[in-house]
Amino acid sequence: MAAKKMAIIATKGALDMAYPPLILASTAAALGWEVQVFFTFYGLQLLRKDLSGIAISPIGNPAMPMPVPMPVMVAALPGMEAMATSMMKAKMKKKGVASLEELRSVCQESDVKFIACQMTVDLFDFTKSDFIDGIEYGGAATFMKFAGESDVCLFI
Amino acid sequence: MHFDKEFDASGLACPMPIVKTKKSLADMSSGQVLRVIATDPGSVCDMQAFAEQTGHTLLSSGTENSKYVFLLKKA
């Protein structure tokens, strides 16, 4: 039986939105699926060598659980995003959630193909040296070729 | 029951128990049995889905000392 295929477009660079593409890609690869992830716009953040800048913001995020009720005016104060991010990361570590770096390595070790959207790489003035090795650069047509053959195709 | 190798996924959250189970199976031979211990309640359904999709046989799935314990026979 031919391996199933999953194509993902990762468009978000916030901490919470960084997880789903990497979790699904690593899991599908573990199940023997062939997986490609196309990173575009803010999703490109997930391909950077240094992932420490990936953050979560309490602003405009009413579903985010807070230890104390927090008015928007307070959440908007300087330092609140950094605090929310470090609290979230600490909680993830405590609960045994893998780091983004670990999930990304698992993907690469299990032959998940990462493609950086060349148009947005240029748009944001990134250079190849900003990104990890072992990725490809391409456009929508590159993605569509694989997406057209895929069993599961997700836009995240 | 007899097993050839054990992988303790205690404390790990989704998807690492499955991802690392797959890794643990990699250097085993067909027919050998892997015992997996996990604390993630989601692993009960996940391990079954993993077995169904990879062709490995889930010989047993249960709890021991309030942990989840699985026996997987490599395809």
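Two residues are in contact if their C-beta atoms, placed from the backbone, lie within 7 Å. The exercises below use this criterion on a predicted model.

**Exercise 1. The interface**

Task: State how many residues of chain B are in contact with chain A, and which elements of chain B supply them.

Solution. 
- Step 1. Under the contact criterion, 12 residues of chain B meet 11 residues of chain A.
- Step 2. On the chain B side, the elements that give two or more residues are α1 (16-26) and α2 (43-54) of chain B.
- Step 3. α1(B) provides the largest share of that side, four residues.
- Step 4. By residue class, the chain B side comprises eight nonpolar residues, three polar and one charged.

**Exercise 2. Helix α1 of chain B**

Task: List the buried residues of α1(B) and name the elements against which they pack.

Solution. 
- Step 1. A residue is buried if 20 or more other C-beta atoms lie within 10 Å of its own.
- Step 2. In α1(B), the buried residues are M16(B), P17(B), I18(B), V19(B), T21(B), K22(B) and L25(B).
- Step 3. Within chain B, these buried residues pack against β1, β2 and α2. In chain A, their partners are α1 (15-30) and α4 (100-109).

**Exercise 3. Strand order and pairing in chain B**

Task: Give the order of elements in chain B, then describe how β1(B) pairs with β2(B) and how β3(B) pairs with β4(B).

Solution. 
- Step 1. Chain B has two helices and four strands, which run β-α-β-α-β-β from the N terminus.
- Step 2. β1 (residues 5-9) and β2 (residues 33-38) of chain B are parallel and share five bridges. Within this pair, F7(B) stands opposite V36(B) of β2(B).
- Step 3. β3 (residues 57-64) and β4 (residues 67-73) of chain B are antiparallel, with seven bridges. One bridge joins T63(B) to Y68(B) in β4(B).
- Step 4. The hairpin of β3(B) and β4(B) has two residues between the strands, and N65(B) takes a positive phi near 50° there.

**Exercise 4. Dimensions of the two chains**

Solution. 
- Step 1. The C-alpha trace of chain B spans about 30 × 25 × 20 Å along its principal axes.
- Step 2. Chain A holds six helices and five strands, in the pattern β-α-β-α-α-α-β-α-β-α-β.
- Step 3. The principal axes of the chain A trace extend over about 50 × 35 × 25 Å.
- Step 4. Buried residues make up 28% of chain A; in chain B, 28% of the 75 residues count as buried.
- Step 5. Of the contacts in chain A between residues at least 6 apart in sequence, 78% join residues at least 24 apart. In chain B, 58% of the contacts with a separation of 6 or more involve residues 24 or more positions apart.

**Exercise 5. The nonpolar core**

Task: Identify the residues of the largest nonpolar core that touch the most other members, and list the residues that A25(A) touches.

Solution. 
- Step 1. The core has 47 residues, and those touching the most other members are I8(A), A25(A), A29(A), V35(A), V37(A) and F39(A).
- Step 2. α1(A) gives the most to this core, with eight residues.
- Step 3. Leaving out residues up to four places away in sequence, A25(A) touches I8(A), V35(A), V37(A), C107(A) and V112(A).

**Exercise 6. Two residues of chain A**

Task: Classify I56(A) and M87(A) as buried, partly exposed or exposed, and locate each in chain A.

Solution. 
- Step 1. I56(A) lies in the loop between β2 (34-39) and α2 (72-75) of chain A.
- Step 2. I56(A) has 18 C-beta neighbours inside 10 Å and therefore counts as partly exposed.
- Step 3. Beyond four places in sequence, the contacts of I56(A) are A14(A), L15(A), D16(A), A84(A), T85(A) and M88(A).
- Step 4. M87(A) belongs to helix α3 (residues 80-94) of chain A. Its count is 14 C-beta neighbours inside 10 Å, so M87(A) is partly exposed.

Technical notes:
Residues are numbered from 1 along each chain as its sequence is written. Chains are lettered from A and ligands numbered from 1 in the order in which they are written. This is a predicted model: local features need pLDDT of at least 70, side-chain atom pairs count only at pLDDT 80 or more; totals for chains, interfaces and linings use all residues. Ala, Val, Leu, Ile, Met, Phe, Trp, Tyr, Cys and Pro count as nonpolar, Asp, Glu, Lys and Arg as charged, and the others, Gly among them, as polar. Two strands pair if DSSP finds at least two bridges between them. A residue is buried if 20 or more other C-beta atoms lie within 10 Å of its own, exposed if 12 or fewer, and partly exposed in between; C-beta atoms are placed from the backbone. A nonpolar core is a set of buried Ala, Val, Leu, Ile, Met, Phe, Trp, Tyr and Cys residues joined through C-beta atoms within 7 Å.
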